[in-house]
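Hi everyone, thanks for coming. Let me put the model up, and then I'll talk you through some ring pairs and a helix contact.

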Amino acid sequence: MPNSNIDSVGIRLNYEDENASEMLGQYLSSFIKEKTLIVCIGTDKCIGDCLGPLVGTFLCKSDFPHPVIGTLEKPAHAINLETVIKGIKSKYPDYFVIAIDACLGYDDCVGDIQVKMGPVHPGKGVGKTLPRVGDISIVGVVDTIDNSDLFSIRNIRLNFVMKMSEVISRALLLAANKDLF
């Protein structure tokens with residue numbers, strides 16, 4: 001596992017790592033309980049921000065056994081996030097929430113998938129202040145932080161984000177089906 005790192009804080013691996021879905025799924029399996037909710041944050045209006053909605057869509061099309069909020073058709077994004085969170089608190093008050101979002105990072109971290117204990121901070125990388133989401137968070141590093149071009153996620157290929165989304169989706173499907181481990 002040359003590019004992966006597991007510690008008490010979470011796990012970090014590259015989406016291209018051999019068996020990335022299996023390693024991530026194994027790690028996530030201890031968090032998937034009967035009352036687990038997946039919240040996939042982002043929008044399909046920006047390739048770099050569509051990681052979450054792609055994961056949500058893949059999970060819904062795969063008959064994932066837990067509720068999923070945030071798909072390409074019905075995204076959970078900056079404009080509706082507060083309303084989405086209110087709905088979660090009302091409909092799923094005692095659920096364990098796994099939040100998924102794209103993020104910006106250092107050049108050597110692009111392509112990494114990171115699971116962290118605690119919520120995701122949507123919009124932080126582009127200077128937005130949005131509500132935190134999740135008990136744990138899964139983030140995919142889709143581009144670099146570049147202070148001279150902070151509000152533009154450039155040169156991100158949809159194929160790259162699709163592949164990363166597929167790894168995360170497969171991992172969650174494996175984690176939900178603990179009999180596979």
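Let's start at phenylalanine 31, which is buried at 16% relative accessible area (buried means under 20%, with a 1.4 Å probe and protein chains only). Before I go on: this is a predicted model, where local features need pLDDT of at least 70 and side-chain atom pairs count only at pLDDT 80 or more, while totals for chains, interfaces and linings use all residues. Residues are numbered from 1 along each chain as its sequence is written, and side-chain values use heavy atoms, with hydrogens and water left out.

Now, the partner. Tyrosine 27 is buried too, at 16% relative accessibility. Its ring and that of phenylalanine 31 form a tilted aromatic pair, 5.6 Å centre to centre with 55° between the planes. Here, rings of Phe, Tyr and Trp (its six-membered ring) pair if their centres lie within 6.5 Å; planes under 30 degrees apart are stacked, over 60 edge-to-face, and the rest tilted. Ring pairs also bring in Phe96, giving a cluster of Tyr27, Phe31 and Phe96.

How many aromatic pairs are there by this rule? The count is four. One of them, tyrosine 15 with phenylalanine 160, is edge-to-face, at 5.3 Å centre to centre and 75° between the planes. Tyrosine 15 sits in the loop between β2 (10-14) and α1 (20-28) and phenylalanine 160 in helix α4 (residues 158-176), so this pair ties together parts 145 residues apart in sequence. (Helices, H or I of at least four residues, and strands, E of at least two, are DSSP runs numbered from the N terminus.) Tyrosine 15 is buried at 15% relative accessibility, and phenylalanine 160 is buried with a relative accessible area of 15%. Thanks, all!

Notes: Buried < 20%, exposed > 50% of the residue type's maximum accessible area, 1.4 Å probe, protein only.
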